[in-house]
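Me: I have a protein chain here and would like to go through it with you, one question at a time. Please show me the sequence and structure before we start.

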Amino acid sequence: MHVLFVHQNFPGQYQRLAPQLAADPGNQVVVLCAHRRPLPPGLQAVRYTVRPDFASGLHPWLETTETRVLMGEAAARAALELKRGGFVPDAICAHPGWGEALFLKDVWPDAPLLCYLEFFFQRGNHFGAFDHAYPERGFEAECAWRMKNSFALHGLDAMDFGISPTQWQAAQFPDYHRPRIQVIHDGIDTQAARPDPDASIQLAAHRLTLRPGDPVITFAARSLEPARGFLGFMRALPLIQRACPQARTIIVGGETASYSPALPAGDSYKQRALAEVGAQLDMGRVHFVGTLPHPLLLTLFQVSAAHVYLSYPYVLSWSVLEAMAAGCLVVGSRTPPVEEVIEDGVNGLLVDFFSPESIAGVVIRALQQPEQLRDLRANARRTVVERYDLERLCLPQQVALVRAVAERRYPGGHLPLAPYP
């Protein structure tokens, strides 16, 4: 097969699939991306550059749209150069979230397009509808969210088939597209993320060595922000510390916003949380460690006594599944993407996203009753092994789907689409 992967920040969700396909000497795998970092062996890189914005005074609802069009144009021009060089893909795997897939069918009308479908904002599921403290709410916000979907709709119209990582995420897309969406998770390496009773982690800057059995609370997110429940967690900490005076809290994550509104330069949600509750905390037992290398993060999960994962109704993080695979007792928010994975009292514990009291009460229970809750840890790992294992389940399914799309054998018996108009 000749397979083209398109992702501005490659590898993203393709970090195992693309190298797996490239390992077959009969395949040619080309990557179209915007960054200049080296790629894994066997992958041919084609870089594109997005020209600066040329519009001024745009209507605010159009700012995101213009950014996506600029990226789509840059990707399409790089694709045209590939085409002129004789490259014709048997399958295009693209993440349409940043606009890169907008014009690929205008370059190769007959090439099957397999889109990675991460999220689609609907009237009832956007952040302002869930969180009444979210700053972007009301009529204008509803319209802005709708416009953010415009490029996603172009991608849905152009794609031949789609892949989405969870049932709930797939269900957010319009009904008439769902028959062309197969749910296959990105996959969790359950050999790397696994329990280890002999694990230990040293945080030299904090003069800490932590081991399984220590009263360690963990919280991890790409960014410490409202969309991942950081503020609610911080508001729960004073209650947890009063009940568990020996507990230490390890907080992993950057201070720039990823999914929540960006704050002015010099400000962060971490600073705002500490301004609100910092005086109530023993900061000698709260350790902000920034971002961690992935192997170190997995070790942190192995020593965690209670891992807190809170999220808006949005994309499910890999980290919560890795924590479960490592045998963590996860305290998760009672929100749809989390409830798809965690059953309260069976393989984890669920709390009210908006209630610091609920979060604190369950974390305290987890710290004070580790033996009574031991089965939940084993069940958490079993869930990930049985449903999300990378090598045994997800990666073979992904490879099979790419091959089926390349051969125009679409799951469910769907007929090939006519060339893109």
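Reply: Let's begin with a term: a polar contact is a pair of N or O atoms within 3.5 Å; within protein, one must be able to donate a hydrogen and the other to accept it, and residues adjacent in sequence count only if both atoms are side-chain atoms. The model is predicted, so local features need pLDDT of at least 70 and side-chain atom pairs pLDDT 80 or more, while totals for chains, interfaces and linings use all residues. Residues are numbered from 1 along each chain as its sequence is written, and side-chain values use heavy atoms, with hydrogens and water left out.

Me: Thanks! Which residue's backbone oxygen lies 2.5 Å from a polar atom of the side chain of Arg178?

Reply: Arg178 sits in the loop between helix H7 (167–171) and strand E7 (181–183); helices (H or I, at least four residues) and strands (E, at least two) are DSSP runs, numbered from the N terminus. Leaving aside neighbours within four places in sequence, Arg178 is in contact (heavy atoms within 4.5 Å) with Gln122, Ala170, Ala171 and Phe173. Among these residues, the one whose backbone oxygen lies 2.5 Å from a polar side-chain atom of Arg178 is Ala171.

Me: Is Arg178 buried, partly exposed or exposed?

Reply: Buried means under 20% relative accessible area, exposed over 50%, and partly exposed in between (1.4 Å probe, protein chains only). Arg178 has a relative accessible area of 33%, so this residue counts as partly exposed.

Me: Let's move to H10. How many of its residues are buried?

Reply: Helix H10 runs over residues 294–303 and is mostly covered. Strands E8 (201–203), E9 (208–210), E10 (216–223), E11 (248–254) and E13 (306–309), along with helix H11 (318–325), are included in what covers its buried residues. Those buried residues are Leu297, Leu298, Thr299, Leu300, Phe301, Gln302 and Val303. Of the 10 residues in H10, the buried ones number 7.

Me: Why does Thr299 count as buried?

Reply: Thr299 is found in helix H10. Not counting residues up to four places away in sequence, Thr299 touches Ala199, Ser200 and Ile201. Thr299 counts as buried because its relative accessible area is 19%.

Me: On to the inside. Which element gives the most to the lining of the largest cavity?

Reply: On a 1 Å grid over the protein atoms alone, a cavity is a set of points where a 1.4 Å probe fits but cannot get out, and a pocket is an open set with protein on both sides within 12 Å along at least five of seven lines; lining residues have an atom within 4 Å of a point. The structure holds 2 cavities of 30 Å³ or more, and about 100 Å³ lies in the largest; grid points are joined across faces, edges and corners, and a volume is the space filled by probe spheres set on the points. Strand E5 (113–116) and helix H15 (390–406) are the elements that give two or more residues to the lining of the largest cavity. With 3 residues, the element that gives the most is H15.

Me: How many charged residues does the lining of the second largest cavity have?

Reply: Ala, Val, Leu, Ile, Met, Phe, Trp, Tyr, Cys and Pro count as nonpolar, Asp, Glu, Lys and Arg as charged, and the others, Gly among them, as polar. This cavity, of about 30 Å³, is lined by Leu231, Met234, Arg235, Ala273, Glu276 and Val277. By class, the lining has 4 nonpolar residues, no polar ones, and charged residues numbering 2.

Me: Which helix gives the most to the lining of the second largest pocket?

Reply: This pocket has a volume of about 510 Å³ and 21 lining residues, with Pro212, Gly213, Ser304, Arg374 and Arg377 nearest its centre. H10, helix H13 (356–368) and helix H14 (374–388) each supply at least two lining residues. The helix that gives the most, with 4 residues, is H14.

Me: Finally, what does the count of disulfides come to?

Reply: A disulfide is a pair of cysteine sulfur atoms within 2.5 Å. The closest cysteine sulfur to that of Cys33 is 15 Å away, in Cys93, so it is too far for a bond. The sulfur of Cys115 is 9.4 Å from its closest cysteine sulfur, in Cys93, which is also too far for a bond. By this rule, the disulfide count is 0.
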